[in-house]
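Work through the following exercises with the sequence and the model side by side, trying each task before reading its solution.

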Amino acid sequence: MTDTDIPDGFEPLSRKSPLTEPWEPLYAKKTDKAVIIGLRLARPHTNGRGLIHGGLITALADNAMGYSCAQVTNWTISFVTVSLAIDFVGSAEIGQWCSIESDVIKTGKTICFAQCLVKADDAVIARASGTFRVVPKKG
């Protein structure tokens, strides 16, 4: 894969976790109100039928919505997932560009609500919504 395969505005995702490590490289595009996660779909992202695995879609939707809640609060607050709902409305294949585009609905003192669309080459393949609990950052 070359940098030309990555859409403009995306940079390597700086937040890493053991769960997402096998799915690297992951990319992010930050706006004032969201962190959009993107990746070029490859074999490690697939299920036994060669389609993108729903677990990958769900985990990345959870991450994108949580990061977006943090983005709108200038990363001064941490969030943990309280609930997550996802609907799969399409499928994706190896080689497509997958983006997870979040929208923070409301952030309060204790709860943040967000939603996102998951797209493969701009076609919606899933939608998700999440509720996140505000967790004060330590020290």
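## Exercise 1: Cysteine links

A search of the whole structure finds one disulfide (a pair of cysteine sulfur atoms within 2.5 Å). The structure is a predicted model, in which local features need pLDDT of at least 70 and side-chain atom pairs count only at pLDDT 80 or more, while totals for chains, interfaces and linings use all residues. Residues are numbered from 1 along each chain as its sequence is written, and side-chain values use heavy atoms, with hydrogens and water left out.

Solution. 

Step 1. A disulfide is a covalent bond between the sulfur atoms of two cysteines.

Step 2. The link of C69 and C112 is left-handed, with -90° about the S-S bond. C69 lies in helix α1 and C112 in strand β6, so the pair ties together parts that are 43 residues apart in sequence; helices (H or I, at least four residues) and strands (E, at least two) are DSSP runs, numbered from the N terminus.

Step 3. Both C69 and C112 are buried, where buried means under 20% relative accessible area, exposed over 50%, and partly exposed in between, with a 1.4 Å probe and protein chains only.

Step 4. C98 is buried at a relative accessible area of 1%, and C116 counts as buried at 4%.

## Exercise 2: Charged pairs

Task: list the salt bridges (a side-chain nitrogen of Lys or Arg within 4 Å of a carboxyl oxygen of Asp or Glu), and describe where the partners lie.

Solution. 

Step 1. There are three salt bridges in the structure.

Step 2. In one of them E24 pairs with K16, the closest N and O atoms being 3.3 Å apart. E24 is partly exposed at a relative accessible area of 28%, whereas K16 is exposed at 52%.

Step 3. Another joins D87 to R127, with 2.9 Å between the closest N and O atoms. Because D87 lies in strand β4 and R127 in strand β7 (residues 123-135), the pair ties together parts that are 40 residues apart in sequence. D87 counts as partly exposed at 36% relative accessibility, and R127 is also partly exposed, at 49%.

Step 4. The side chains of E101 and K119 meet in a salt bridge as well, at 3.2 Å from N to O. This pair links distant parts of the chain, with E101 in strand β5 (residues 97-107) and K119 in strand β6 (residues 111-120), 18 residues apart. E101 is partly exposed at 27% relative accessibility, while K119 is buried, with a relative accessible area of 17%.

## Exercise 3: The largest pocket

Task: describe the lining of the largest pocket.

Solution. 

Step 1. A pocket is an open set of points on a 1 Å grid over the protein atoms alone, where a 1.4 Å probe fits, with protein on both sides within 12 Å along at least five of seven lines; lining residues have an atom within 4 Å of a point.

Step 2. The lining consists of 14 residues, of which R15, G66, Y67, A70 and F79 lie nearest the centre of the pocket. The elements that give two or more residues to this lining are α1 (54-72) and β4 (78-88), and α1 gives the most, with five residues.
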